[in-house]
Amino acid sequence: MLDESLLDKNRKYLVGVSGGVDSMALLDMLVKKAYNVFVVHYNYHFREDSDLDENLVRSYCQNHHLPFYVRQGDKKEYQKGNFEMLAREKRYAFYKEIGDLNGIDTIILGHHLNDHLETIVMQLQRHNTKGYLGIKEQSYVKNMHVVRPLLKLKKQQLIDYCTKNHLEYHEDYTNYDTRYTRNHVRHIDLKKYSEQELLEKASKHNQQYKKQQAKLQQIYQEYDQNTKQYNVKSGCIVYSEDRIVLSIDNKNDCRGISSEDYKDVKIGNGGIKAGDVSVSSSGISTSDVKVGKDGIKVSGEVLKGIQ
């Protein structure tokens, strides 16, 4: 069940365990496969019974002699703002802290196919389809390598696993509160979609996305080679996951890219266009950026905040 092609038994891993069915199944699979894991649990104290989650995970770790790290949150911290976003930020910061403490740069998480489908629907509803659709098997958050070896399994398969192996888990009752966006998608919106159509749509979109990534990477590599040739300071142009953006770190001429060398590079109100790859950079206009024989020149305080 576990996709071991993503894992290496010679490495140490953090495992994020909430106490729910997905993360408990994940942890048990890793333990039975003899992976070297360090368990991390964030107790938000958002629910009255959150200590039950912590005690469950702690008990499992004690019984299996696993390193266990827990961070105690404060409910007052979540009174304002989006709880899901705040919780995620604090959780990943905690992961990074414990990873640095133990010399570990990779964390394994229990996201499954249902999570993937829910994320696709949320992105479609928000018209947020420029990047990757759904959840990646591997990604990077706060310089931590995130691996998700259960992404091809449905939640019911994980429930069945726990039942078959007499593995205890704790159900979070707030997962049924449809006031939260993901819960609304999970229990209401997702039923309006065909699972097969969602997966096919995401697969087709992500193939195009990967092609775009390859083109952007090629452009960046060409630029990087030219900056080394002309001894240009880094920071003029920064390649990011799905875009090329301008940095304010260096407002001098960025020699190495010029309209002479790159006749297909265009800059306008919509951002940067290189060949047939359009890159959106809101706030950049032709008055802010100039392309000439000397390269790309960035000027004006209007570019503050662009990374």
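**Exercise 1.** Identify which members of the largest nonpolar core touch the most other members, and state which elements supply this core.

*Solution.* Step 1: in this predicted model, the largest nonpolar core has 29 residues, and Leu-2, Leu-7, Leu-30, Val-37 and Val-39 touch the most other members. Step 2: at least two residues of this core come from each of strand S1 (12-16), helix H1 (21-32), strand S2 (36-43), helix H2 (50-63) and helix H5 (155-164). Step 3: H1 provides the largest share, 7 residues.

**Exercise 2.** Determine which residues Val-37 touches, leaving aside those up to four places away in sequence.

*Solution.* Step 1: with contact taken as heavy atoms within 4.5 Å, the partners of Val-37 are Tyr-13, Val-15, Leu-27, Leu-30, Leu-66 and Pro-67.

**Exercise 3.** Describe the order of the strands in the open sheet and name its edge strands.

*Solution.* Step 2: strand S3 (68-72) and strand S5 (138-141) are the edge strands, as each pairs on one side only. Step 3: on average, neighbouring strands are turned by 30 degrees against each other, direction ignored.

**Exercise 4.** State how S1 and S4 pair, and which strands helix H3 lies across.

*Solution.* Step 1: S1 pairs with strand S4 (residues 106-108) in the parallel sense, over 2 bridges. Step 2: Ile-107 in S4 stands opposite Leu-14. Step 3: helix H3 (residues 83-102) lies across S1, S2, S3, S4, S5 and strand S6 (144-147), and runs at about 145 degrees to S2.

Methods. Residues numbered from 1 in each chain as written. Predicted model: local features only at pLDDT ≥ 70, side-chain atom pairs only at ≥ 80, totals over all residues. Heavy atoms only, no water. Core = buried A, V, L, I, M, F, W, Y, C linked by side-chain atoms within 4.5 Å. Buried < 20%, exposed > 50% of the residue type's maximum accessible area, 1.4 Å probe, protein only. Helix = DSSP H or I, 4+ residues; strand = E, 2+ residues; numbered from the N terminus. Pairing = 2+ DSSP bridges. Axes fitted to C-alpha atoms, helices over the stretch in contact; angles between N-to-C directions.
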